[in-house]
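This briefing goes through the features of one structure, grouped by topic. Please keep the sequence and the 3D view at hand while reading.

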Amino acid sequence: MVYRILSTCLLSWLSLSVAQAQEIAPRYEDDPFRQLEELLPTPNDVRAASGAPGHRYWQQRADYDIKVRLLEDRHALVGEETITYYNRSPMPLSYLWVQLDQNRFRPDSIDRNSRVAPNFDQFYYKQLGELLIREDFQGGHQITRVADAEGADLDHAIIGTMLRIDLPQALAPGGKTSFQIGWTYQIVDAKRIRTRGGYEYFEEDKNTIYEIAQWFPRMVAYTDVNGWQNKQFIRRGEFTLEFGDYRVAITAPEDHIVASTGVLQNPEEVLTEEQRERLKKAAEATVPQFIVTPEEAKENEKEKATGEKTWVFEAENVRDFAWASSRKFIWDAVKHRTHGNDVWAMSYFPNEGEPLWSKYSTHAIMHTLDVYSKFTFPYPYPVAISVNGPVGGMEYPMICFNGPRPEKDGTYTKRTKYGLITVIIHEVGHNYFPMIVNSDERQWTWIDEGINSFLQFLAEREWEPDYPSRRGPARNMVPYMVSTDQVPIMTNSESILQFGHNAYGKPATALNILRETIMGRELFDFAFKEFSRRWMFKRPEPGDFFRTMEDASSVDLDWFWRGWFYTTNHVDLAIEGVRLLDLDTLDPDIEKAEDKAARDLEPEDITEERNSDLKKRTERFPELVDFYNHYDPLDVTVKDREEAKRLLEALNDDERALLKTQRLFYAIDFRNVGGLVMPILLKIKYENGSEEFLRLPAEIWRSNSQKISKLILAKDRIKSLQLDPQWETADADVENNHWPSRPVKSRFRLFKDKIKNPMREAREEKDKAKEEEEPEKEASKEDA
């Protein structure tokens, strides 16, 4: 449709957008550009308004000295520890809280008793098996001792997965205290009960792989935000922990190889001379070297030693500690130089993992360190380890557990190959988030899983062209974003619905869109690196992330955080209409001629057409005809020309020049169908073959978040328009992104009628049985 711009308002038209000229339609109840300050915590001297740690930032500390023994015949652990706790808060503490994560497996746990009935439309054998085995499994920490540094018993109480220790006197700010805890527990069969740490028993060779995590009583975090973060460990909300130094002595069967957080302190006592020599060569190599070969691991499986060895590890400034142990382990290693630091990249895996693990695992570790360090900070720890065992994917400081393996014949699917590379990148990447940037996982899953999934996507893209990434590309998130049963990303970990999409996929997609489409790579990377470095070895909250990204970029992103993280709206922008407006020349001879030509193109009224042969009254009585029967308002009159002359004389030279503007004025109408405001990415094709790409900022929706119009001053006629041509924004309906609209393509198939005939089926079964009986009868006769 063509409209005409009146010259008398030409200047004001050019200075205003079409959206401003229109009547403003009703807005959504919640303004998408409303600032977040009312939702974020008030800044203070602990957490600054910039998103940085304040000048009085504090956090607690806990050091551990642990001795633990692995009882392979019973699949059990027995341990004792001394914890030294430092109160750096401004508050005196009359009691301390300690986490007993294994209590999640007790019969009376919240986890077990709050589970709802499964979906019986898709109920798996493994699910039923787990339900049955958990009925009899006596899991949980058995606390054998709680005492002060001198050995005197301390009053304590166990509440679910938490242990409260009542201090004889309050621990003053700046003070420290030491206490001892003894414990034992049954290790979970991780192939039968889903868990983050446990054992896998191999029936063929009667051996076991142990992946040990959440195994020792560890301090609950005491923070400026929550005080004691002693929410019960139910299942999904993971861990909120304090940094500290660890010395851990692990006593295991003599023929086991132990992988662990930290640095081995007694290699002369636990490694053979040949293994130590191989480590020296691996320190100078550029590709992984076997420390324990596949042949040696296979030989080691044949007999079980009766003695024990104690492996001693030390780790500085870590928030947790995990380890793995087995006589089945192959071990490869290389000392990798990354961003100025030397890091031991090592993998431990059984022969069942070959040939996949020796080919990809340690390479994936090195690749992760390189890419993550580029976008955040140089990896600060001396070791990074990947272990194959029963746990599908789980992360701890310097060590992670990863599950994918090839088939028994050594072949593997594409899914298994990339599943392994992907999970190693993800779990090794967790060293950065949350092992160093130490977020509160018990409260917010997304701030470590979502950020880590985003960095994982960046690392996957640098592994090989067209890497089959699941999370990160905007188009992959559309089915989730239009689905039902959603909650916002900013939801407590235990209340999340569609957990993987909500806490992993959607935040990763949001950050990728922020980097590629909203901020641009250079600005995003600077701000993201600033956040990462500000909060190394500290405890950020979501507000610190939001504020830092704005503080370091000078970009107001409140609309983005609000829409993507605080709502369940989805992206669906549509081209609703296109209007072509001509500039009025003020020449009535030109303007009225064009109007006549347009009128002549209008179709004849259907009634007039069919009444054309009727004799009209005015034809029978000509005296009824007067002036108006011949009057045409589009005829040019003297008055029209005089009025035009008057208007032209009132204009100055610049204004008269504007009347000769050789442009086509297109008003493009857009509608926000999904509710989530986003930039308008518009590809324009012109009839002369040229193309133009416009990136209109999300702020275009400020005056009306439901519908707006944009004026395009074109030099040639527009042939077509397309929104988001590269699918950057997770737009849910790409069919309404086109003008002119295009046919929606689909396909169907033809089927033959199938009429069920029970009588025929019964006859066929009877005939088949008779055929099978004939050879048996003949054989019986021959035998007789």
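Is Leu128 buried, partly exposed or exposed? Leu128 has a relative accessible area of 40%, so the residue counts as partly exposed; buried means under 20% relative accessible area, exposed over 50%, and partly exposed in between, with a 1.4 Å probe and protein chains only.

This is a predicted model, in which local features need pLDDT of at least 70 and side-chain atom pairs count only at pLDDT 80 or more, while totals for chains, interfaces and linings use all residues. Residues are numbered from 1 along each chain as its sequence is written, and side-chain values use heavy atoms, with hydrogens and water left out.

**Surface patch**

- Leu128 is in helix H4, residues 125-136; helices (H or I, at least four residues) and strands (E, at least two) are DSSP runs numbered from the N terminus.
- Together, Leu128, Leu131 and Leu132 make a nonpolar surface patch of about 270 Å².
- Patches are made of residues with over 30% relative accessible area and no salt bridge, where like charges are joined within 9 Å and nonpolar side chains (Val, Leu, Ile, Met, Phe, Trp, Tyr) within 5 Å.
- A salt bridge here is a side-chain nitrogen of Lys or Arg within 4 Å of a carboxyl oxygen of Asp or Glu.
- Accessible areas come from the Shrake-Rupley method with a 1.4 Å probe, and for residues only the protein chains shown count as cover.

**Aromatic pairs**

- The whole structure holds 49 aromatic pairs.
- Rings of Phe, Tyr and Trp (its six-membered ring) pair if their centres lie within 6.5 Å; planes under 30 degrees apart count as stacked, over 60 as edge-to-face and the rest as tilted.
- The pair of Tyr85 and Trp228 is stacked, because the ring centres are 6.2 Å apart and the planes are at 25 degrees.
- Tyr85 belongs to strand E3 (residues 76-86) and Trp228 to strand E13 (residues 227-228), so this pair ties together parts that are 143 residues apart in sequence.
- Both partners are buried: Tyr85 has a relative accessible area of 0%, and Trp228 has 11%.
- Tyr379 and Tyr381 form an edge-to-face pair, because their ring centres are 5.9 Å apart and their planes are at 85 degrees.
- Tyr379 is buried at 0% relative accessible area, and Tyr381 is buried at 4%.
- Ring pairs also link a cluster, with Phe33, Trp446, Phe531, Trp559 and Tyr566 among its members.

**Charges over rings**

- Arg218 has its charged end over the ring of Phe239, 4.6 Å from the ring centre.
- Lys328 lies over the face of Phe202, with 4.3 Å to the ring centre.
- A charge sits over a ring if NZ of Lys or CZ of Arg is within 6 Å of the ring centre and within 35 degrees of the ring normal.

- Helix H8 covers residues 356-375, and its 20 residues should span 28 Å at 1.5 Å a residue, which agrees with the 28 Å between its end C-alpha atoms.
- The expected span is 1.5 Å times one less than the number of residues.
- H8 is largely enclosed by the rest of the structure, because 15 of its 20 residues are buried.
- Pro355 is in the loop between strand E21 (341-349) and H8, and a cis peptide bond with omega of about 5 degrees joins Glu354 to Pro355.

**Other backbone features**

- Most residues other than glycine have a negative phi, and most peptide bonds are trans.
- Trp739 and Pro740 are joined by a cis peptide bond, with omega about -10 degrees.
- Pro740 is in the loop between strand E31 (738-739) and helix H21 (758-783).
- His339 has a positive phi, near 50 degrees, in the loop between strand E20 (330-338) and E21.
- Met398 has a positive phi near 70 degrees, in the loop between strand E23 (393-396) and strand E24 (399-402).
- His339 is partly exposed at 41% relative accessibility, whereas Met398 is buried at 1%.

**Distances across the chain**

- Asp166, in strand E7 (residues 162-171), is partly exposed with a relative accessible area of 26%.
- Phe499 lies in helix H12 (residues 499-518) and is buried, with a relative accessible area of 15%.
- From Phe499 to Tyr381 the C-alpha distance is 30 Å, and the two are 118 residues apart in sequence.
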